[in-house]
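Please view the sequence and the structure together before reading on.

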Amino acid sequence: MKILVVGSVALDSIETPFGKVDEALGGSATHFSCSASYFSKVGVVGVVGTDFPARHLEFLTKMGVDTDGMEVASGRTFRWRGYYEFDLNHAHTLATELNVFEKFHPKLPPDWCDAEIIFLANIDPELQLEVLEQVTNPKLVVCDTMNFWIANKKEALNKVIEKVDICLMNDSEAREYCQTYSLLDSANKMLSQGPKTVIFKKGEHGALMFTDSTHFSAPAYPLEEIKDPTGAGDSFAGGFIGYLAKTEDFSEQNIRRAIIYGSVMASFNVEGFGTDRLARLEVPEIGQRYLEFKEISRFE
Ligand code: AMP
């Protein structure tokens, strides 16, 4: 199945206790596409400025990502600057420069309007809604967001959540969105808005899935070396949705397996800065780590 993603394509400047990068290729759509491209065909809709290095678009194409939906607009590319302390679950934002995103309206290439799976990655929820207006008959719609949009565009975000099948969020963002400490309360509130499934990403503590009748808890992979957690959420989404697209099965059992593939891809992503690690991932490593996940969470 084809996956269409709309989200940010960014130049990220990041500092962690283990190093720093300046204006590296990033953004929610970028991390998602690199991850999902290991499983299925992905088309990205987004915008960059005239300052965006051509080598980054070439890199996405090399990863097998269809960039026909990428607009190059006059102006500067979206930029995000942030840092992490030793608690790598918490990103500190220093600056968010929307730049070309301020005037952007997504236009889907005709070939992608019929994509079976739509991923509304972290971006202005009004743009997420504009994408939904252009798709013809998707079989699965998934969304993600972040505190920036919960704080600034809550009403539009409510409308997005009403229209999706699966909603992904970080645990802290779910608490903020639902104004409650309890993740179970948050899940119930979000499920009552429309989605059939909600998944809370908990960084180094794994992920939780809720439906109206079940609850699944996935572990995280105990990594020895982490360099940069930026994009972990998006690469989780890439592995999760990529696996669903590849297997064409949206049953609850398969959603559980897909959550583990999401966790596998997130665990690779954090081993390098930006897209470094996913760029040099070998396919057999994915299966190998999936089996390790199985082993660390098995008990009789
Ligand atoms: P995550 O997977 O949550 O770590 O997402 C990291 C990516 O989100 C970075 O590569 C940033 O460029 C991007 N980002 C940061 N702030 C925003 C925002 N307000 N809207 C869209 N993307 C963002």
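Is Glu 300 buried or exposed? Glu 300 is exposed, with a relative accessible area of 82%, where buried means under 20% relative accessible area, exposed over 50% and partly exposed in between, computed with a 1.4 Å probe on protein chains only. The model is a predicted one, in which local features need pLDDT of at least 70 and side-chain atom pairs count only at pLDDT 80 or more, while totals for chains, interfaces and linings use all residues. Residues are numbered from 1 along each chain as its sequence is written, and side-chain values use heavy atoms, with hydrogens and water left out.

A salt bridge is counted here when a side-chain nitrogen of Lys or Arg lies within 4 Å of a carboxyl oxygen of Asp or Glu, and by this rule there are 16 salt bridges. The table lists some of them.

| Pair | N to O distance |
|---|---|
| Lys 2 and Asp 114 | 3.1 Å |
| Arg 277 and Glu 285 | 2.8 Å |
| Arg 298 and Glu 300 | 3.0 Å |

In the pair of Lys 2 and Asp 114, both residues are partly exposed, Lys 2 with a relative accessible area of 24% and Asp 114 with one of 46%.

Through salt bridges that share partners, Glu 271, Arg 277, Glu 285 and Arg 289 are joined into one network.
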